[in-house]
Amino acid sequence: MPTRDQYLATTEWLAANLTQPNLRVLECTVFLRPREDGKPGYAVVPGREEWAAGHIPGAGFAVRARVAEALAAGGPAAKLIFTAPDGVLAKLAAAEAGALALGGGTAAWRAAGGEITSRPIRWSTRARRSGA
């Protein structure tokens with residue numbers, strides 16, 4: 001039976017392997033925010049602006065529904081690692097894609113002294129805003 005840890009990448013492993021050409025890191029952050037139109041409920045808002053302000057070097061951005069598009073834009077990847085601020089959304093995306101999640105997310109990466117950059121990358125997707 002698989003163990004929980006085999007689906008998590010550690011910050012140490014990611015730091016040692018971040019420059020590997022067959023590795024793709026995708027941030028998949030979304031937020032639930034009150035609707036701007038005054039109607040009850042929430043809107044699902046992609047976290048692309050937060051990603052653009054600072055992310056793991058080489059990490060792309062995609063909402064979970066557009067992961068396949070992001071991967072196609074980046075070329076084949078032998079290893080796919082999802083991240084999100086605290087890692088929770090990353091675990092959901094990783095489970096759906098049969099990939100790994102960064103344990104503790106980007107917060108753990110920062111706490112471990114990992115570099116954060118605002119440099120854009122070419123293989124990320126544009127996320128559309130959608131109401132919920």
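Trainee: How many helices and strands does the protein have?
Mentor: Helices (H or I, at least four residues) and strands (E, at least two) are DSSP runs, numbered from the N terminus. Here there are five helices and eight strands. Starting at the N terminus, the order is β-α-β-β-β-α-β-α-β-α-β-α-β.

Trainee: What kind of model is this, and how are residues numbered?
Mentor: This is a predicted model, where local features need pLDDT of at least 70, side-chain atom pairs count only at pLDDT 80 or more, and totals for chains, interfaces and linings use all residues. Residues are numbered from 1 along each chain as its sequence is written, and side-chain values use heavy atoms, with hydrogens and water left out.

Trainee: How do I read the strand order in the open sheet?
Mentor: Strands of a sheet pair through backbone hydrogen bonds, either parallel or antiparallel. Two strands pair if DSSP finds at least two bridges between them. In this protein, five strands form an open sheet in the order 1-7-6-2-5, with parallel pairing. Strand 1 (8-9) and strand 5 are the edge strands, and each pairs on one side only.

Trainee: Is strand 2 buried or exposed?
Mentor: Buried means under 20% relative accessible area, exposed over 50%, and partly exposed in between (1.4 Å probe, protein chains only). Five of the five residues of strand 2 are buried, so the strand is largely enclosed by the rest of the structure. Both faces are covered: L23, V25 and E27 are buried on one side, R24 and L26 on the other. Across the protein, buried residues are 38% of the 132 residues.

Trainee: Which residues touch the most other members of the largest nonpolar core?
Mentor: A nonpolar core is a set of buried Ala, Val, Leu, Ile, Met, Phe, Trp, Tyr and Cys residues joined through side-chain atoms within 4.5 Å. The largest has 13 residues, and L14, V25, I56, I81 and L102 touch the most other members. Strand 2 (23-27) and strand 7 (100-102) each give two or more residues to this core. A second, separate core of twelve residues includes A62, L80, F82 and A94.

Trainee: What does L102 touch?
Mentor: Contact means heavy atoms within 4.5 Å. Leaving out residues up to four places away in sequence, L102 touches A9, T10, T11, L14, I56, I81, F82, T83, G87 and W109.

Trainee: Where does helix 4 lie?
Mentor: Axes are lines fitted to C-alpha atoms, for helices over the stretch in contact, and angles run from 0 to 180 degrees between N-to-C directions. Helix 4 (residues 88-97) lies across strand 1, strand 6 and strand 7, at about 150 degrees to strand 6.

Trainee: How many aromatic pairs are there?
Mentor: Rings of Phe, Tyr and Trp (its six-membered ring) pair if their centres lie within 6.5 Å; planes under 30 degrees apart count as stacked, over 60 as edge-to-face and the rest as tilted. The count is one aromatic pair. The ring centres of W51 and F61 are 6.2 Å apart and the planes are at 40 degrees, so the pair is tilted. W51 is in helix 2 (residues 48-53) and F61 in strand 5, ten residues apart. W51 is buried at 3% relative accessibility, and F61 is buried at 0%.
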